[in-house]
Amino acid sequence: MTYFWVGIGAMLLLGLGLIVWASQSGPDRAGHDLNRRRTNQTRVGAVLVGVSLCALVIAYFTADWP
(Lines give C-alpha, C1' and ligand atoms only; values in the text may rest on other atoms or scores of the structure.)
Protein backbone atom coordinates (compact mmCIF):
# COMPACT_ATOMS: atom_id res chain seq x y z
CA MET A 1 0.00 0.00 0.00
CA THR A 2 2.98 2.28 0.55
CA TYR A 3 3.81 2.12 -3.16
CA PHE A 4 0.27 3.30 -3.90
CA TRP A 5 0.66 6.41 -1.73
CA VAL A 6 4.12 7.13 -3.12
CA GLY A 7 2.71 6.83 -6.65
CA ILE A 8 -0.18 9.16 -5.87
CA GLY A 9 2.18 11.70 -4.30
CA ALA A 10 4.57 11.51 -7.24
CA MET A 11 1.68 11.96 -9.67
CA LEU A 12 0.50 15.01 -7.73
CA LEU A 13 3.97 16.56 -7.67
CA LEU A 14 4.56 15.82 -11.35
CA GLY A 15 1.25 17.42 -12.30
CA LEU A 16 1.94 20.52 -10.25
CA GLY A 17 5.43 20.72 -11.70
CA LEU A 18 4.10 20.55 -15.25
CA ILE A 19 1.58 23.30 -14.53
CA VAL A 20 4.23 25.56 -13.00
CA TRP A 21 6.73 24.85 -15.79
CA ALA A 22 4.12 25.57 -18.46
CA SER A 23 3.22 28.87 -16.80
CA GLN A 24 6.66 30.31 -17.54
CA SER A 25 6.32 32.98 -20.22
CA GLY A 26 8.46 33.88 -23.19
CA PRO A 27 9.90 32.13 -26.24
CA ASP A 28 12.49 29.38 -26.19
CA ARG A 29 16.19 29.91 -26.97
CA ALA A 30 15.59 29.75 -30.70
CA GLY A 31 12.83 32.38 -30.48
CA HIS A 32 9.96 30.00 -31.22
CA ASP A 33 6.60 30.44 -29.56
CA LEU A 34 5.86 27.62 -27.16
CA ASN A 35 2.16 28.31 -26.65
CA ARG A 36 0.94 24.97 -28.04
CA ARG A 37 3.41 22.90 -26.01
CA ARG A 38 2.64 24.86 -22.85
CA THR A 39 -1.08 24.38 -23.36
CA ASN A 40 -0.56 20.63 -23.64
CA GLN A 41 1.67 20.59 -20.56
CA THR A 42 -0.96 22.47 -18.58
CA ARG A 43 -3.66 20.01 -19.68
CA VAL A 44 -1.58 16.97 -18.80
CA GLY A 45 -0.63 18.51 -15.47
CA ALA A 46 -4.25 19.30 -14.68
CA VAL A 47 -5.29 15.73 -15.49
CA LEU A 48 -2.54 14.30 -13.27
CA VAL A 49 -3.50 16.58 -10.38
CA GLY A 50 -7.19 15.81 -10.82
CA VAL A 51 -6.65 12.04 -10.90
CA SER A 52 -4.39 12.08 -7.86
CA LEU A 53 -6.78 14.27 -5.85
CA CYS A 54 -9.71 12.05 -6.79
CA ALA A 55 -7.74 9.00 -5.68
CA LEU A 56 -6.95 10.67 -2.36
CA VAL A 57 -10.61 11.61 -1.78
CA ILE A 58 -11.82 8.11 -2.67
CA ALA A 59 -9.19 6.56 -0.40
CA TYR A 60 -10.25 8.87 2.42
CA PHE A 61 -13.94 8.04 2.14
CA THR A 62 -13.41 4.30 1.73
CA ALA A 63 -10.84 3.96 4.53
CA ASP A 64 -11.65 1.67 7.42
CA TRP A 65 -11.54 4.22 10.23
CA PRO A 66 -11.47 2.87 13.80
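Student: Which residues does Q41 touch, not counting residues up to four places away in sequence?

Tutor: This is a predicted model, in which local features need pLDDT of at least 70, side-chain atom pairs count only at pLDDT 80 or more, and totals for chains, interfaces and linings use all residues. Residues are numbered from 1 along each chain as its sequence is written, while side-chain values use heavy atoms, with hydrogens and water left out. Taking contact to mean heavy atoms within 4.5 Å, and setting aside residues up to four places away in sequence, Q41 touches L18, W21 and A22.

Student: How many helices and how many strands does the chain have?

Tutor: Helices (H or I, at least four residues) and strands (E, at least two) are DSSP runs, numbered from the N terminus. Helix α1 covers residues 2-22, and helix α2 covers residues 35-62. Counted in this way, the chain has two helices and zero strands.

Student: Is Q41 buried or exposed, and what is its relative accessible area?

Tutor: A residue is called buried under 20% relative accessible area, exposed over 50% and partly exposed in between, using a 1.4 Å probe and protein chains only. Q41 lies in helix α2. Q41 counts as buried because its relative accessible area is 11%.

Student: Which residues is A22 in contact with, leaving aside its neighbours within four places in sequence?

Tutor: A22 is found in helix α1, where it is buried, with a relative accessible area of 7%. Leaving aside neighbours within four places in sequence, A22 is in contact with R38, Q41 and T42.

Student: Over the ring of which residue does the charged end of R37 sit?

Tutor: A charge sits over a ring if NZ of Lys or CZ of Arg is within 6 Å of the ring centre and within 35 degrees of the ring normal. The charged end of R37 is 5.5 Å from the ring centre, and the ring is that of W21.

Student: What kind of aromatic pair do Y60 and F61 form?

Tutor: Rings of Phe, Tyr and Trp (its six-membered ring) pair if their centres lie within 6.5 Å, and planes under 30 degrees apart count as stacked, over 60 as edge-to-face and the rest as tilted. By this rule the count comes to three aromatic pairs. In the pair of Y60 and F61 the centres are 5.4 Å apart and the planes are at 70°, which makes it edge-to-face.

Student: Where is S25 placed?

Tutor: S25 counts as exposed because its relative accessibility is 71%. The C-alpha atoms of S25 and N35, 10 residues apart along the chain, are separated by 9.0 Å. The place of S25 is in the loop between α1 and α2.

Student: What radius of gyration does the chain have?

Tutor: The radius of gyration is taken over C-alpha atoms, and the globule rule is 2.2 Å times the number of residues to the power 0.38. The C-alpha atoms fill a box of roughly 60 × 15 × 10 Å along the principal axes. A compact globule of 66 residues would have a radius of gyration near 11 Å, but the chain has 16 Å.
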